[in-house]
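Hello,

Here is the structure I promised to pass on. My notes follow below it.

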Amino acid sequence: MSPVSHRWIARLRTLDVLALTALLWFLAKFLRYAFPPLFGTFQSAYGVSNTELGLLFSALMGGYAVMQFPSGALADRVGTVRVIVGGAVVASAAALVLFVTTTYALLVVAVVGIGLGTGAHKTVAITLLTSVYTDRSGRALGLMDFVGEFGGVLAPAAVVAVLAAALPWESLFLAAAVGGLCLAGAFAVRVPARLPDGDADAGFDADDGFRSYLTAFAAPRFSAFAFVAVLLGLAISGITAFLPLFLETRAGIDAGLAGLLYSAFFVVSAVQPVTGDLADRLGHLRVIAVLLTLAIVALVVLVVAGVGPLTVGAATVVLGVGLHGPRPGRDAHLMNLIPDDVAGGTLGVVRTSMVGMSAVSPTVVGYLSDVASFSVAFGAMAAVLALAMLVVTALVLTES
């Protein structure tokens, strides 16, 4: 058998790693975005205010955020498979609690559990996929994010379908819990045999302590790119949170059209497998720089007053490509820079910073839009993206 045939067989044998990892990410996104469409139902059932509903979603995202570093550090000690399976089991158990919940307090506890369980996935999944698909890590990460985005897209539709069929809303979470437990079982059985030798076990010296996770930051190129990742998290979250309202301030864009364009903004996340593959072939930094340029140009066009609906629509789609497209290349490049024995914890530190800034960013955009205008707020996000692009360009020009 030729070497080419051997390589193809090896790739086919590891496809279940990518499929199961991506499906668990789909479930995590599905559970997260199933809650906002149920806010009206929760108000009727529990008599809670909008503020309490906002705190409920903040509790979900808070649980997700605090797990970024611990999950990565734990994976360095006990292995990626155990952490991903454990997170899926915790999220599924919390979804089962939602199925039997009778009070708002129990609902909050279950939601935090879902945040904690799903928060254990992404950081560890990145380290897992980059170890299995070493020569195509960008493509693999792009496919995982692509599948995950559809969890967010399908969750509102599933909620509408369940409520339209007069089924209890809790049944949606029962189905998710069963699906999550099945995926966790399949992951525990199938994935360990597909990993490179030693990847399923811990290789980290616990005596090294937290400082070992900060050693990578001593390298200027890593610190610079970690700064870029944080800037991207800030800009993407701020833009995404207020894009529909911002679009409604453009000429000829009503609420209905703004909603359609917002959907298109997410649909074009399908480019991630393509941009990830291009990043593998052409260089992560170069592809990220091009995509950031697209995003900046599109955002500047949107900020300019008086542009018509066609221009707004085209710019929104290009903005979606420019913001979603860098993710697989970003994650793959980070993993290339981090030592293998501290990969999970170090990536967890970076992602904690990213998620933290993502949480702050909508508040910043909202404040700027109140005291000035949406054009000023989105102009500030364009400036953040421009700073990120300048740093990436500098890294490209100084590559050895």
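Arg281 and Asp277 join their side chains in a salt bridge, with N and O 2.9 Å apart. Please keep in mind that this is a predicted model. The two residues sit four positions apart in helix H13, so about one helical turn separates them. Arg281 counts as exposed, at 51% relative accessibility; the cut-off for that class is over 50%. Asp277 is buried, with a relative accessible area of 14%.

Asp277 has another partner. Its side chain also meets that of Arg139 in a salt bridge, at 3.0 Å from N to O. This pair links distant parts of the chain: Asp277 lies in helix H13 (residues 272-282) and Arg139 in helix H9 (residues 137-164), 138 residues apart. Arg139 is partly exposed, with a relative accessible area of 30%.

Which residues make up the network of salt bridges around this site? Arg136, Arg139, Asp277 and Arg281 are linked in it.

Asp16 forms a salt bridge with Arg190, and the closest N and O atoms are 3.1 Å apart. Asp16 is buried, at 16% relative accessible area. Arg190 is partly exposed, at 40%.

The structure holds nine salt bridges; the ones above are among them.

**The chain as a whole**

The fold has 18 helices and zero strands.

Of the 400 residues, 50% count as buried.

**Surface and charge**

The chain exposes about 16,500 Å². Carbon and sulfur atoms supply 70% of that area. There are 20 positive and 22 negative side chains. The centres of these two sets lie 6 Å apart.

If you open one site, take the one around Asp277: a buried residue, bridged to Arg281 and to Arg139.

Best wishes

Methods. Residues are numbered from 1 along each chain as its sequence is written. This is a predicted model: local features need pLDDT of at least 70, side-chain atom pairs count only at pLDDT 80 or more; totals for chains, interfaces and linings use all residues. Side-chain values use heavy atoms; hydrogens and water are left out. Buried means under 20% relative accessible area, exposed over 50%, partly exposed in between (1.4 Å probe, protein chains only). Accessible areas come from the Shrake-Rupley method with a 1.4 Å probe; for residues, only the protein chains shown count as cover. Lys and Arg count as positive and Asp and Glu as negative; His and the chain ends are not counted. The place of a charge is taken as NZ of Lys, CZ of Arg, CG of Asp or CD of Glu. A salt bridge is a side-chain nitrogen of Lys or Arg within 4 Å of a carboxyl oxygen of Asp or Glu.
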